[in-house]
Amino acid sequence: MAVEFVGIDPDTDRDHCPTVWADTEAQEILLQGWKPSPESQAECEATSPATGPVPDGEAIIRLPARMIPKIREACDAVEHSRLR
C-alpha cells in the first residue's frame, strides 16, 4: 500500500478532524469524516439506487465543503499515479 497523507480539515481541533489520504498503488482515496445522523443516513439510503441499507463494510461520511481542495488534491494524486 502506498498511502500518502493529503490534508486535514483546516479548521480542525486536532481531535475530530476530517482527513484525506491517497493510496496511489490501489488507486483509491481514503476519507475520514463525521458519521451522519440517523436521519441523514436514512435519507441517503432512501434516495440511493442501491437496494437495502449501507452494508457493514461501507460507510456514509460527512465532510465539510472546506475539504473540497484536499479531495481534489487526492483525486489528482491517484490519477497522476495511474499515468506514470
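Predicted model: local features only at pLDDT ≥ 70, side-chain atom pairs only at ≥ 80, totals over all residues.
Residues are numbered from 1 along each chain as its sequence is written, and side-chain values use heavy atoms, with hydrogens and water left out.

Let me begin with the overall picture. The protein has two helices and three strands, and along the sequence they follow the pattern β-β-β-α-α; these elements are DSSP runs numbered from the N terminus, with helices being H or I of at least four residues and strands being E of at least two. The C-alpha trace spans about 40 × 30 × 20 Å along its principal axes. The accessible surface comes to about 6100 Å², and 53% of that belongs to carbon and sulfur atoms, the areas being computed by the Shrake-Rupley method with a 1.4 Å probe and, for residues, with only the protein chains shown counting as cover. Of the 84 residues, 21% are buried, where buried means under 20% relative accessible area, exposed means over 50%, and partly exposed lies in between (1.4 Å probe, protein chains only). As for contacts, meaning heavy atoms within 4.5 Å, 51% of those between residues at least 6 apart in sequence join residues at least 24 apart.

Now to the sheet. The three strands form an open sheet in the order β1-β2-β3 with antiparallel pairing, and two strands are said to pair if DSSP finds at least two bridges between them. The edge strands are β1, residues 3-8, and β3, since each of them pairs on one side only. From one strand to the next the twist averages 20 degrees, with axes taken as lines fitted to C-alpha atoms (for helices over the stretch in contact) and angles running from 0 to 180 degrees between N-to-C directions.

How many bridges join β1 to β2? There are five, and these two strands run antiparallel; β2 and β3 are also antiparallel and pair over five bridges. To follow this residue by residue, you can find I8 opposite T19 in β2, then T19 opposite Q32 in β3, and A22 with its bridge partner I29 in β3.

Is β2 mostly covered or mostly open? It is mostly covered, with four of its five residues buried. Leaving out residues up to four places away in sequence, V20 touches F5, V6, G7, I29, L30, L31, M67, K70, I71 and A74. The C-alpha atoms of V20 and A74 are 7.0 Å apart, although 54 residues separate them along the chain.

From the helix side, K70 lies in α2, residues 68-83, and it counts as partly exposed because its relative accessibility is 27%. Apart from neighbours within four places in sequence, K70 is in contact with V6, G7 and V20. Its C-alpha lies 10.0 Å from that of F5, a residue 65 places away in sequence.

Finally, let us visit the loops. T12 sits in the loop between β1 and β2, and it counts as buried because its relative accessibility is 18%; its C-alpha is 19 Å from that of R72, 60 residues away along the chain.

What is the phi of Q27? Q27 has a positive phi of about 60 degrees although it is not a glycine. Most residues other than glycine have a negative phi. Q27 belongs to the loop between β2 (19-23) and β3 (28-32), and the hairpin of these two strands has four residues between them. With a relative accessibility of 29%, Q27 counts as partly exposed.
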